[in-house]
Each structure stands twice: as C-alpha cells, then as structure tokens.
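Good morning, and thank you for making the time.

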Amino acid sequence: MRIGVRLDTCGVYGALLDRGRVLRARSTRALGDHTADRLPGPRGDRDPLPERPHPAAPHSAPHPRDRASPELALLRELLTAAPVSAHRTASTAPAARTKPVTSVTWDISGILESALTAPHGSRYRAQRVAAVRVLPRVPVAPAGGGHHAPIITSLVSRRAVVAGGHDLFGTELVALEAESVSAAVDELLAGGARAVAVTGTGAAACSDHEVAVAAELLRRRPDVRVCLSHEAGGLGLLEREAATVLNAALLEVADRLISQCEEATEALAGSPSCWFVTGDGGRVTGRRLRWSPVTGLAAGIAAALIGAARLARVADAVVALADDRALTIGQVRDGLPHIEADLVGSNGIRTSVPQSVTTRIPVHRTSAAAQLATRSRHTSDVVAALRPEGAELAEALPRHAEGGPRQVRPDADITAVGAAMTEPSAWIDLLVPADTPEGLDRHQAEAEQRALGLVAAYGAHPGSAHLVRSTATAVGYLRIYRLQVRAGSHGGPDTGRPAQGGAAAPEPAAGQARGRSTAGEAQ
Amino acid sequence: MSAQRVTGQLTVAQLIRFGPLGSARCYSEAHLERLVTGVTLVSDLDEARQCEPKTAMVVHPVAAHGVWALEAALRCAWERNAACVVAPDSVMVRASTTQLAERLRLPLLTVADPARIALDMAVAIADTEAARARLISRCAVLFGERFSLRGIVGVINAEVPGVIAALVTKDGHLLAGRAAADTFPPDGPNAPGEDAATGGASAFAEDAAEEHRLAVAVPSADGRAWATLVARVSAPGPSWTETVETILRLARAPLASAGAGSRLSLAHQGSRDRLLMETLLGEGPTVQGRRLLPSPRAGASHGAESAVGAEELARDAGWPIDGRLVAVHLRPLQPDRDLEAASPAITAAWREDLAEAPLVPLANGWATWYTGEDAHPRAVERNVRRRLASSRIPLPLCAGVGTEGEGMAGLRRSLREAELAAGSAGGQGDQRVECYGELGPRAVLAALPVAERAVAARTLLAALLADPKAEVLLRTLTALLDCAGSTGQTATRLGVHRNTVLGRVERIRAKGIDLDSPDQRLALHVACHALLATGEARDSGRPARPR
Amino acid sequence: MNGAPAPSPATGVVHRITADDLPAVVAGHALLSSGGGGIDGLTLSVAELLRRHGPVELVPLDALPPETHCAAVGLAGGFAPLLELPPGGDESVLAVRALEERTGNRLGAVVALNSAGPNALFPIAAAASLGLPLVDCDGMGRILPLINMTTYALGGLSATPLAAVSQTGETAVLDCSTARSDRLLRGIVEASGGAMLCALYPTTVGRLRGVAIEGATSRVMRVGELLTGENRHAGLLAGLARTVGARVLASGQVTALDLPTPSAGARHFPSVPTSIVVSDPSGDGPVVRLEAQNEILLALIDGAVTAAVPDVLCLLDRQRLQPVSLENVALADHVDVLVVPAAPMWHTPQGLAMAGPRAFGFPVRHPAEEVSR
C-alpha cells in the first residue's frame, strides 16, 4: 500500500492506495487546525466531496501527542481508520488491513509556490537571493541585466555581472577575470547574501566559469549557499537563471518542509520510504529535493494528471482538472504527464525545468463542455475535480455515456492520489555538438545511460528504469543538438499501473466497477 | 524459385512469391493482386510522374532523397496507376509511409538493389508464355535481318532482358558480343562476377548464386565445331532459361552462315602460321650456340628445297613476302606467360586489316612484318607503338623493329634483328619499342643470356640496388652507358631534364660506382642490362613503366 | 558624412510602437517563423530601449523622401545562441554606426531585414536607440536561411557593405558580393557565438520601392493581436485567414519525428533537416509529411507537394492555440498545419529560383509552378 499526501498552505490531504485503488482519504483543512478534520463520505455516495462533515468522525480526533504534527496525525488516521465495509469485498478487506505501507509520497509544491510570493513574516517564505551572471559584456539595456519575470526580480536582492562566458560549443568567449570575480563576490557578501545563484553564459556546454565563481564564493564564506545554472541544465541564460534563482530561494523553505515530512513518515510503523513529487510527474528522495527544490514546483498538477488518468484506467488521455473557476487541461501519455522544458509556469516564470504542459482556461459551467471539446484529442478525455470546489464545474460536463468525458470522482484529493502513484524519474537536458549521425547517436546513448543511472540512483526498483522519451532536436543554424532524455521507472507490485493497452479496456460501468471494489472511480 | 509456369500476366504477389521480389521487404500487404505488365525505373520525380500504368515503379537510389521523396513517388505511382512501388532499403520506411501506401492501396516493397531488381522483374514479366512467344519470334525476325556476327549477337544483348551474350572461339577468343558473358571464373559461375553494382558481400553471393551460364555450340559452315554462343542469364528460372536457350539455338544458323565468310578460326590459323614461319626460318643462323628463333619441328623437311617449298606455301597462304619489308617482333614483358593461351587474343587485337601480314605466334613471342614502299623502321616503330598502347592488348608487351629488307632473305634478317631489338626493349618496360638500326652494339648486350649474369650483377651493384630509387638509378646508369657518358643524350632519351640526370649521376657515384674507369665500364654495362632484362630492380609486384 | 535628410514629419505614421506593443509582436513573430523559442531576454531589452528612448514611429515606405538613406537591421544566426547570449542592448547602434562609417551616409530610417522571428524586434530596438523611424516593410516576409535570400537582393540591391556585431561587442564589416555575403558572414557568426546583429542592404527609401514587402511589421502585430486576444480555435483560424491569408492545410496529431540523412543538395545549409508527420493515429486520414531545415520547407499530403517554401508553413497547437516551434514539437501533439502565402514577388520565377523548394535541395516544383505548367 502507498500513501500520497498533498501539503498546501490551507491543509493536508492524504490518500491511502492499494494497487492503484483508493482505500481511504483524510484531510486536515489547515495546518495546525485540527478542528476542521473530516472524513469523506461513504464510497457509494455520489455527492461531491466538500462541505459534508462525516458523521462518524471518531478517528479524526487527533491524538494529544500529535498536536505538533498534523501531517503525522493524518497519516496515522489513514492507516487506522476502519475501512467502510460497504466498499470492499470480504476477500480483499483483510488483505488490505494487513498489508504494510511501503511508501509515502508528498506533494509540497503548493507551499513552495506560495513561498515565492509570501509576504514578510510568513511561516514559509522564500529567501532573497543574490544573482551573479557570467557574461561577455555588461548589458546596457536593461543596465546591468535584469529579468522579465517579476517574481524573479523580487527574489533577487542583488545582482552582479562577471566578465566571462562560453558559446554553445563550449568555447570560451571571454576569459574569466579573477579580479572581477573577486570584486563581485566582495560586493555580494558585503550585502549580506546568504544564497547565491550563479548563471554563466554557455554553462550548459562548459561549466568552468560557474564553478570558478562558486569556488571563490565558498572560499570566502563557506556557509553561503550557492546554486549553479548548469545543474538545472537547459538552453537559455534567462531560463537557467530563473531556475537557479528559484532553487536558491527555496533551499531553506524546502529543507524545513522536507524535514517535517520525513519526520512524519519515519514515525509510521513499518518505516515506509519517503518521497516527493516533482514537476515532471516523477518522485525523488528528500535528499535530492533539498538539493534541487525547484524541481518540486508544479508537481501538484503533474500528480493530479497522473491520478486522474490512472483512476480512469487509461494510459493516454486529455485530462481536464476543474477547480471553482477554471479548467486546467493537460495530457497524459503512457501514464505520465506530457512535459516540456522552457514553459512559463503558473507563476509566470519561464524556466528550463520541465513541467507538465497545461492550459488553464477560465470557464463557466455552461461553456466548459465546448472548451473541452475544442481541445479533445479524440482518444480519451478524463475530467476530475482538482479541488472540492471544482466538482460542480466537472459535473456540468456531459456524461461519458452521452459522448462526454470520463468523469473521475474519487473520494479523495486527486493530487494526493496521483502523488502516491508516482515513480522515480530523471530528466536530462543538454546541448551537444554533432557533425555526424554516429556522433549524435553516441552522445544520445550516453545521455540515455546517464538518465537511467540517475533513476536508479534516485531509488527506482532495480531493473525497472526505462526511457520515456529521448529526443535529439536540431538547434537551428549551428551543428548542435539539444538532447532531452526523460527516464522513468515501473513501480513495485503495489502500484496498480494499468497494463499496456489499459486505455482500450476501461472498466465497463460505474456501478459494476464499484461493486467489484475498484474503488475510487466513479462515472 | 518455383517451377510454376505462369501463363497469364503476373501479379505483384506472384513476383513476390515466385519471382525476383522474393527477397524484398513488403510494407503494405494489401492489393498484391495488382497486375504487373512492365517495369518503370525512375531516377527522379519527373520520371515518376511519367510512370507507365500497370507497371512496377522501381525507385532508383538516386531518386530516394529521403522518406518524403519516397512518399512523393508513391503519390505519382498512385496517380499513374502503377502496380506497386519498389524502393531502395536505404530509405527508412516508417509507419507513416506504410500508412500512406495503404491509403493509396499500393503495395510498397524495399530491396537492396532496385536497379538489379528492375532488370530481374523485366525478365520475369517477359517470361510469361505469351511474352515468351513474342520475344522469340521478334528475335527470329531480327536475326534474319542481321548479316554479321556482331549484329546477330547484338540482337540477343539488346532484346532479351537480363542476358549478356557473346560468341567465342573454342579457345576463348571473343568473336562478337560482350566479354562479360563469358567471364565466369574457373571455379564456376557461383563466384562473384564483375557486376559490382551491388553493395555488400552478401548481395554478391546472392546475385552470383542466381546467375546461370548457357552455352550453345555453333558449327562452321563445314559442320565442324567452330565457336560457342554463350549467355549469362542473370535471373534464371527454368522456363526463362528454356526461352533463352531457344533464342540462342535460333541464332546458330545465322551465325554459322555469317561466320563462313570469314576464314578459319584465328587459333587454327595461328598454329598453321607458326608452322609455316618455322619452316621458312628453319635454316636460320645460331648465335653463341643458341638458335635465335625456334628450330622447326622435328620431322619437318630440311634444306634449300624445303625452304623454297615453304616460300611457295607462304605465298599461297597470302603472306606478303615480296618487295620491301620491315619485321617486328612482339614479346611479353613477363617471359613466363603462357603464350599459347594469350595468342588468339593478341592476334585478334593486333589485326587491323586483313590484307596485312599475319601475326605469327612463336615460342617466345610473335612475329610480323610491314610491307610496301612506306615500310620504313621509323614509321613502323610509330605504328607498333600505337598498337601496343591499344587497350585491346591483353598483356604487357614490348617490341623490336628490324631494319628494312627485300624479299624472303630480307625478311629473315629483319626478323632476327627485330627479335634482338625486342630483347633489348624487354628490359625497359611495357609498350617499349626498340629499333635495331638505332640499337647498334647494344643489341649484342641485349642478346646475352641474362640469368647467370644477373646474379653477378646483383653483387656488383648491391649498393645501388639498396637505394629506394634503385630502378630509376639503374635505368639512368644504363642509358648513360648506352649514350657513351653523354648526360645530354641521356636526358633526351629518358625525357628528363639534364640536371635531373646530373643529380642521379651524383647519387650513383655516391653508391661507389666509378663511371670513369674504362675497364669497369663494359662490366657495368653488361650488369645493368642483365638486371634490367630480369626485372631485378623493380619494386615487388608493380610492373615498371617508363617514367 | 553626408547630411542626413531630416525624417519626415509624422504624417502617415502607421503606428507609434511602445513597450505595450511588444507582446503582440512577440506573439506574432512565432507564426511567421515556423514557431520559435522564447525570446524573453530580447523582449526585455527592447522594452527597456523603448521606455528609455520613447516610441518608435512605424511609417509606410512612401511617407519618407526617396533620397532618405536607410539600411536593413536583422540578426544573422540561430535562436539558441540568442537565448544563451541575450542582447546587451547596444548592438544595433554599434552595427549601424559601423555601417555609416563605411558608407559615409548617415541613416534616416531603419528597415527590417525580415519581420519574423526575433528579427521582428531588432529593427524596433535599432530604431528606438537611433531615434529613427522604422519603415513598415521587410525583405523576406518570413525567415529564410541566407541573408541574401531577400526581395531586396531579388530587386538588385546589394547586401553589402555589411556591419555585424556580436553579443560580445565584436564588430566586423564585410565588403563583398551579395552572393558571397552569407558564406563569409557565417564563418564570423559561428566564431563569435552563433548570432550577430547586422546592418546591411544600405540603400535609399526610393530604391526600396518595388523591392520591399510592404506592411510586414504591421502584419506581425496584427497576427500577434489575434494570437494573444483570440481564445477560440475557429475564431483564431478565421482571423488568421483574414489578416494574412492563412489556410489550414491539414489537422492531426504528430505521429512521427525523423532525423533523416541530409539530402545532397542541402549541404550548404547549416541546418539539420527534420521530418514531421502529422496524421490521424487511427490511420484513416491523410498522411501529412513536413520536411524542415530550421523552418518547415515542404508539405506533402499523401505524397503530393501541397505547399512549399517560400510560403510560410507552421504548426498551431490546437490545445494551446499557439504556434509550435520545431524545437518543441513533440509526438502526439495535436496540431493544425497552416500555410501563409508568401508575397507575390516570391512567386515569380526568379523568386522561386532564389527561395523555392529547389533552392533547398528538394527536386520538386512549387505548387504555384505546377499550376502554371
């Protein structure tokens, strides 16, 4: 069994899954506010989730010793609450009770995202960052550089430009000046910088200058936190800088959050493993996310897409996620969200970190169907409520039987459900010069091996790592290719991933499906 | 390949199942029942637009710029109602192209060598019963309209797809047609042929395995075996082989009558000529106990009487042995070559005009002579040089030219001189021609038996031979000695600048060779000739060419 | 230097371009350039220049005295170098000043080399920094790979003298034939990081008449307004048909992306061809194959050439209603294939010889030639 938890500024939402089916869900409306606990309605209840406190709420009463940790309280509840007998067959229930929880996967993207814009004094607020650019020349307009994304501008407390940089082939354009580095470091440290984002021109092809700047920073102040743009990878100075600044700004917040989640997970019986969803729809260990919190952004949507498609038993679908005002439409391909790098995220920032490709369209109930229809891929459309408030909008769409989308209504938070279903993944994005197809093949094979190695290193089951996508895209004008490799992994036996062709054989009808205890889905 | 006799028109499926498309990879399996009435080989998209209906469109690799071009060809094939599209397998056919082929209801196949498959398909399509009858009768009509050997064999090569035919003598001399018809190596037709159009080794093996040789004996007018009509069939099938054989048989009578006009086979003539020549020269002198020319065969008649008889025989044979003449001796560069085997080819290649003197095979080469008022050694030398350069000469030769003579006696002398001059030329490389008149005393040197002297010379000139440019230096030294030490003449003779000669002389001197000592000069001269004659100084395996 | 003719008074000004117009230009550029990556750094820089120097007057060609000296401004190079080396802001001034020094003529107006892709923005930046009007015309109406593939060159204007400035501030002035200009420049561009801002085709407004594609910049802005303002699929397609004559060639899903071996004729283009197949994955509909080298050059539907360069071919994501760049096109994307007809000058025999499919190594005829045969 697996647990998925969505951690948000306004609550904790958990789901307990067994073989891809939702057994139980709990939520705490706000962190530290235990009075808002509630249980979802019985499985057979077609009413939407929200605003219906469950009458039988004995388990929601927190244990006194858990006051400090609502997350742990929620996890305990998930494990101990008596399953509602009407929703399982006699044969599966005992098994479910006795099976151990193998993993807890957290989505902390909600808090990370709000931390970026949180006002002074907030509990979770991203720290201000000093940004260093390694450029061949000091820019004139805007003077000294700048960034188009307001959030990045607000997060960067101080900027410095150091002469240096490489071209896309990794050839040095301007030598790094030791004095200019030293002066920039002096100024930044004098300004009290505790986290520094270093972005070098051409760092994706040659990271020497970034590393040299970092070395100087650390030599002067070993406790300063330095993030380098080539670690995020990708093409584009501003895109990499955005990723690096976000990363540096979130280090502290992420560290605290991750620690809380890890403590809560450790306190569970059976010591399940602890994971965190990433923006590409994969999951990583806390250790990894502490180092690269920017990859935790946009994880919620990715998890929700996975959850909705998986509960609909399709591997390939256009998924519409409804909240009270809008539909967020994304695609799931072979069970994973369709992702791209260099997208503008919901926070208005274009980064080189991959995230799911989504469109958010504000809709009224009446036009929802038309909006979805124009975006349909004619394969399989799935609709789920992203938040309880979105249930009404989702309901407004025509039924599956009437030619409308397949509706997924788990009595659980769709993001938490999806989080539990994620698997370790890795993403590599780099530029390689290639004069011959053979040379390109070699580079691509190397990148693929590296990605597979990373997935294994991030904790995939041995032998389960596989390539999801491996593209070599010609970069215009130059004989350079951009290699993007995405690797994923197949889960253990408790994941309940649909087999190949699962999309072609969906569960026939809602009533039957529930009767057979394929819990969590409803149409 | 199946022995099934296809009577009507072929379908794509039949070409795949029984025919040349058996090795093709098939991408779009529907609509294989389409009839194929011919083949269109397209090497660009404009040709594809002109594709004949109901033919198999074969896309040549030069037209396959990529998948898009293949798809464009498919489109043209569809528009022109082609039967199927055959593409080179160098184009990666993916799902979308297959999808297109299926949409257009066109079978799409890929093969390693489309040009060859096009030929094989043309054969297979021509091999239906109706087509066979048409082809045979057409050939028969054309045979009747041709009166030369070449014309008759040419009909086969032009009309019968996938067949290369030639008329050869018993001993392999090509009388008409294309030599490729009979170039199977000795171990049979299954080894790789010269058809190098195909790519990899495996393709070779496959191709070769499918080749087949047909041979039909062609009698001379008097009914004796005279020549063989051979054909290389590149896409054999039992019924097709039968068709080709029928056509070859049809060609026999026209060939025999066309051949009767021309004389006896060259080989036959060659041995007759040799006997006659040996008889003519029978009482020739000897040099140093060795006959310069082979002695006549034992049992041949001796004495002046027989010589007179021989002279009459020669006149009867049409040999021009009266008046002014200049003899020529041809000699292979490598003395160990099998001259008997090479003779017919050399004879055929040499002859330009039937009216001139025959090229008579001898034990160590070939002899002939030029007659008429313009039979002058200089003119003869030029003519011989031109003929030796002809690509038809199958092995490297050198030649000697004698001085002018009159009548039979003059011919004998001139022939001896030519042989001596040829000996001298032999040391100097391919296509070398020497005139006895200009050779002077060097002819004596050239006539010396060289084998034993070469051993001694190797020792004498060891230092020179060790030089990386030994051959050049040796040639220069020889020329210098021939020219009595004149560097100017040497330069002219070698066709290089005098300074080059001077440089080489310095190099030769540096090898410890004293060019000024009169008592060493003769020994040196002999040694040089010996070495050149035996080819000692040459680089291993590479025949020397002057300059 | 000759005295520069005073820019004509603001009569006939089409538009005053301010920083507020940039989103539309940015959105519009992508459609006319087979898509294209984010150019946030460039946009940021141009916006700053417009704020600093005030709006740029966009004027039609006949609003300026014919003797006014002008030159084209545009970037030569790739998208990727532009992303990695965003402009510092002063490149266009450096390039124009270097050109003026070489020709001895001070410019009175700026024109666009090609008002598509990032080159829709650079002339605005140049006009802003130099305080000159921007003439509403260009020489390509799209992106073409060589700087001498322009209607300017077609009309006999010389591309040189040419001044090029890299983001590192290095400047090169080329004096050579128009035919050789791209080849020579390319070597310098590659060595200097992959992209250089050029001031080229020095000429006069009078000589531009008849050889420039007029209305090019305002066209990009109109397309951009549609792409940013219209959120209905049908409405967007209708709007594009109205403003630029775009028509939907086909719709479907991206079912294959190939990296084929380059065709022999394409060697001198420094790009690597990519082949895209758009079809119905169920296998019923037509197979649309798009052949690309940086830009989509050829569209074959069921093997028949239905559209070709110099007409603009681009992909529109049906879900996001945005152009899809070749760098970002992915399998299973649901797209419309749009074709935007090129200016009539490009459809002449000379125009097609210069920028038609055969100029890119495709031995096929442009559909326009097919019709006239």
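Between chain C and chain A there are four salt bridges, a salt bridge being a side-chain nitrogen of Lys or Arg within 4 Å of a carboxyl oxygen of Asp or Glu. One of the pairs in a salt bridge is C:Glu84 with A:Arg240, at 2.5 Å from N to O.

Before going further, a word on conventions. The model is predicted, so local features need pLDDT of at least 70 and side-chain atom pairs count only at pLDDT 80 or more, while totals for chains, interfaces and linings use all residues. Residues are numbered from 1 along each chain as its sequence is written, chains are lettered from A and ligands numbered from 1 in the order in which they are written, and side-chain values use heavy atoms, with hydrogens and water left out.

Returning to chain C and chain A, the contact (heavy atoms within 4.5 Å) takes 51 residues from chain C and 49 residues from chain A. The buried area is about 4,300 Å², with 55% given by carbon and sulfur atoms; this is the accessible area, for a 1.4 Å probe, that two parts lose on being put together, summed over both. On the side of chain C, the most area is lost by C:Asp40, C:Glu84 and C:Gln319, together 18% of what that side buries.

Across this interface, 13 residue pairs are in polar contact, both residues at pLDDT 80 or more. A polar contact is a pair of N or O atoms within 3.5 Å; within protein, one must be able to donate a hydrogen and the other to accept it, and residues adjacent in sequence count only if both atoms are side-chain atoms.

Let us now turn to the second interface. Here the contact takes 16 residues from chain B and 24 residues from chain C. Chain B and chain C bury about 1,700 Å² between them, 53% of it on carbon and sulfur atoms. Within chain B, the residues losing the most area to chain C are B:Trp68, B:Gln99 and B:Arg103, together 37% of what that side buries.

How many salt bridges join chain B and chain C? The count is three. In one salt bridge, C:Arg289 pairs with B:Glu71, and the closest N and O atoms are 2.8 Å apart. Polar contact links five residue pairs across the interface of chain B and chain C, again with both at pLDDT 80 or more.
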